[in-house]
Amino acid sequence: MKPFFSGLVCCISVLAFQVHGTNYGFYGYEPQRISPLRFADRPVVRKPFPHNIQGAQNTVNIAGTQCKSRPLDLVFIIDSSRSVRPGEFEKVKIFLSDMVDTLDIGQDATRVAVVNYASTVNIEFLLKTHFNKVDMKQAVSRIEPLSTGTMSGLAIKMAMTQVFTEPAGARMRSQNIPKVAIIVTDGRPQDKVEEVSAQARGAGIEIYAVGVDRADMQSLQQMASAPLDDHVFYVETYGVIEKLTSKFRETLCGVDPCTLGNHGCEHICVTTATSYYCKCHDGFLLKEDKKTCAKEVKAAVTADPCKCEAQLAFQSAVQSSIQALTTRLDEVTKKVQQFEYKLRGY
């Protein structure tokens with residue numbers, strides 16, 4: 001009987017595991033797709049930001065592809081209203097810490113600030129405050145919820161006017177460092193967000209809106225940059241918000257197209273801001289197909305014998321004319337001298 005009961009226990013254990021795995025993932029409840037907006041269930045690779053970006057460009061490995069960590073001025077705007085329970089707010093802080101780990105943090109790399117809001121807005125730290133991950137994550141761990149209303153519009157306005165500024169640590173416009181805001185909320189804003197969000201986007205701030213649980217989808221769309229499919233995220237619980245880390249890592253990183261393949265370039269693949277082009281080694285020229293190369297042929301310069309003989313003949317004629325003129329001038333000079341002598345009676 002003992003082998004029979006052992007086998008029965010084993011079967012029950014496997015069945016229970018399969019049932020559990022059907023509804024829950026590593027982080028808990030899996031996000032579900034309930035709108036046409038993008039959720040945390042499919043990978044997306046966006047094009048890099050424009051070039052002329054200064055700062056470090058370290059390479060990290062993401063899902064088997066090479067990803068360049070670009071410098072950003074990045075501001076997290078987090079909702080800590082009373083609807084966000086203490087345990088849920090801790091999940092948000094873990095999400096922020098995980099995001100910090102994925103970025104290349106530094107004065108010349110990515111700078112991060114955090115804005116905490118409810119009915120009031122608290123700037124937890126500025127873009128110029130922390131330039132290393134350890135200090136930044138410690139500052140994140142000390143953030144306390146405000147536990148009142150949901151003034152999302154006020155929070156976005158504060159970020160635009162007091163955080164994305166040069167005195168607060170934002171880079172000069174001439175440096176072309178992307179300004180990115182990620183707002184996380186689980187409710188409906190108690191103030192108007194459409195106008196202030198449009199002002200922020202008009203000021204060059206790219207806004208990502210993350211909705212959790214009861215978040216109002218229309219408000220998320222009003223806050224986010226276009227296209228909405230790339231800038232609006234939704235998860236059903238704070239328990240799975242950490243799964244968005246990899247999605248933002250893919251979104252905020254510019255994938256080097258040349259690392260994904262040579263794209264038919266015979267010699268060299270060169271990455272640009274938005275694409276690539278082919279280049280040839282020294283001594284070769286790019287063909288019309290813009291991919292293959294041909295050896296450069298330099299035409300040899302040879303002298304035209306006809307031109308040389310004509311040039312020599314011309315030079316000889318000129319010299320003869322000069323000599324004849326010189327002789328004639330000498331004869332005239334002698335005759336003038338003889339005439340002068342006669343006049344003087346010599």
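**Close-up 1. The disulfide of cysteine 280 and cysteine 293.** The torsion about the S-S bond of cysteine 280 and cysteine 293 is about -90°, so this disulfide (cysteine sulfur atoms within 2.5 Å) is left-handed. Cysteine 280 lies in the loop between E13 and strand E14 (284–286), and cysteine 293 in strand E15 (residues 293–295), so the pair ties together parts 13 residues apart in sequence. Strands are DSSP runs (E, at least two residues) and helices likewise (H or I, at least four), numbered from the N terminus. The sulfur atoms are 2.0 Å apart, and both cysteines are buried, that is, under 20% relative accessible area with a 1.4 Å probe, protein chains only. The model is predicted: local features need pLDDT of at least 70 and side-chain atom pairs 80 or more, whereas totals for chains, interfaces and linings use all residues. Residues are numbered from 1 along each chain as its sequence is written, and side-chain values use heavy atoms, without hydrogens and water.

**Close-up 2. The disulfide of cysteine 265 and cysteine 278.** The sulfur atoms of this pair are 1.9 Å apart, and the link is left-handed, with -75° about the S-S bond. Both cysteine 265 and cysteine 278 are buried. The count of disulfides comes to 2.

**Close-up 3. The largest nonpolar core.** This core, a set of buried Ala, Val, Leu, Ile, Met, Phe, Trp, Tyr and Cys residues joined through side-chain atoms within 4.5 Å, has 34 residues, and Leu74, Ile182 and Phe248 have the most contacts inside it. Helix H2 gives the largest share, 6 residues. Leucine 74 touches (heavy atoms within 4.5 Å) residues including Leu103, Val112 and Leu252, not counting those up to four places away in sequence.

Methods. Buried means under 20% relative accessible area, exposed over 50%, partly exposed in between (1.4 Å probe, protein chains only).
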